[in-house]
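Here is a short briefing for a first look at this structure.

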Amino acid sequence: MSVAAVRLGTLRNLEVPPMNVIMLLYPRLTQLDLTGPFEVLARFPELKLHLVAKTVDPVADGSGLRLLPTATFQSAPQPNILFVPGGPGQIDLMDDAQTLDFLRLQASGATYVTSVCTGSLVLAAAGLLTGYRATSHWLSLNQLAFFGATPVQERVVEDGNRITGAGVTSGIDFALTLCARLFGEDRARQVQLGMEYDPRPPFVGGSPRSADPTLLADFTNRASEFQQRREAVAKAAAERLRA
């Protein structure tokens with residue numbers, strides 16, 4: 001064997017293994033909470049993405065889109081990055097002992113613990129945001145305080161190794177922020193450019209801070225019944241956490 005071949009083999013043996021990203025799947029999640037970050041993270045070869053659910057059966061999101069897990073709670077590797085998306089199914093996870101125990105176990109060895117939208121409430125129910133600044137969808141942001149977290153109305157909030165994104169579309173911002181921290185701003189900018197992520201929404205008013213007050217009141221009123229249920233579940237989960 002030539003000296004060059006020996007050197008090449010040595011270099012390959014010294015290659016850094018990919019970082020494992022555990023992305024939680026559960027029934028009635030909001031798929032864009034998941035697929036927005038997935039699209040960003042998948043563009044970094046240093047990351048190995050795992051879609052993890054209780055079983056390998058397809059998981060239907062809140063609108064019926066079916067997603068296929070690649071690992072189960074039992075087969076998932078220890079993650080470098082733990083990620084939880086939000087969605088209406090988040091309510092059922094707040095007292096799902098199996099899922100909360102899985103998240104606690106995975107978070108114990110993770111470098112980063114992260115979420116988008118109401119995924120932060122699931123992390124909070126597992127006791128993983130107590131004492132941290134965090135964000136969530138604006139409708140549910142206040143509920144983080146039930147768990148001893150500090151709600152912050154920003155698109156992405158970083159506090160130590162906790163990185164949380166606000167509602168749905170902020171998942172892309174979250175993932176770019178995370179990857180800039182991991183691989184440098186230049187590479188994150190390259191991915192942003194490649195995705196042509198340069199939002200110019202057709203209407204002003206995509207957040208409560210910019211929405212027309214009448215539109216905001218109408219939307220909030222229509223969501224109130226579900227939000228009352230979500231808040232009641234969050235309060236109960238917070239009580240269990242304190243017990």
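A residue counts as buried when its relative accessible area is under 20%. By that cut-off, both F83 and F174 are buried. The model is predicted. A search of the whole structure finds four aromatic pairs, and two of them are described below.

**Aromatic pairs**

- A pair of aromatic rings is described by the distance of the centres and the angle of the planes.
- The ring centres of F83 and F174 are 5.5 Å apart and their planes meet at 20°, so this pair is stacked.
- F83 belongs to strand 6 (residues 81–84) and F174 to helix 6 (residues 170–183), so the pair ties together parts that are 91 residues apart in sequence.
- W138 and F219 have ring centres 5.9 Å apart and planes at 40°, so their pair is tilted.
- This pair also links distant parts of the chain, 81 residues apart. W138 sits in the loop between strand 8 (133–134) and strand 9 (150–151), and F219 in helix 8 (residues 213–242).
- W138 is partly exposed, at 27% relative accessible area. F219 is partly exposed too, at 35%.

**Charge over a ring**

- R187 lies over the face of F183, 5.1 Å from the ring centre.

**Positive phi**

- Most residues other than glycine have a negative phi.
- C117 is not a glycine, yet its phi is positive, about 60°. C117 is in the loop between strand 7 (112–116) and helix 5 (119–125). With 5% relative accessibility, C117 is buried.
- E196, also not a glycine, has a positive phi near 50°. E196 is in the loop between helix 7 (185–194) and helix 8. E196 is exposed, at 70% relative accessible area.

Notes. Residues numbered from 1 in each chain as written. Predicted model: local features only at pLDDT ≥ 70, side-chain atom pairs only at ≥ 80, totals over all residues. Heavy atoms only, no water. Phe/Tyr/Trp six-rings, centres within 6.5 Å; stacked < 30°, edge-to-face > 60°. Helix = DSSP H or I, 4+ residues; strand = E, 2+ residues; numbered from the N terminus. Buried < 20%, exposed > 50% of the residue type's maximum accessible area, 1.4 Å probe, protein only. Lys NZ or Arg CZ within 6 Å of the ring centre and 35° of its normal.
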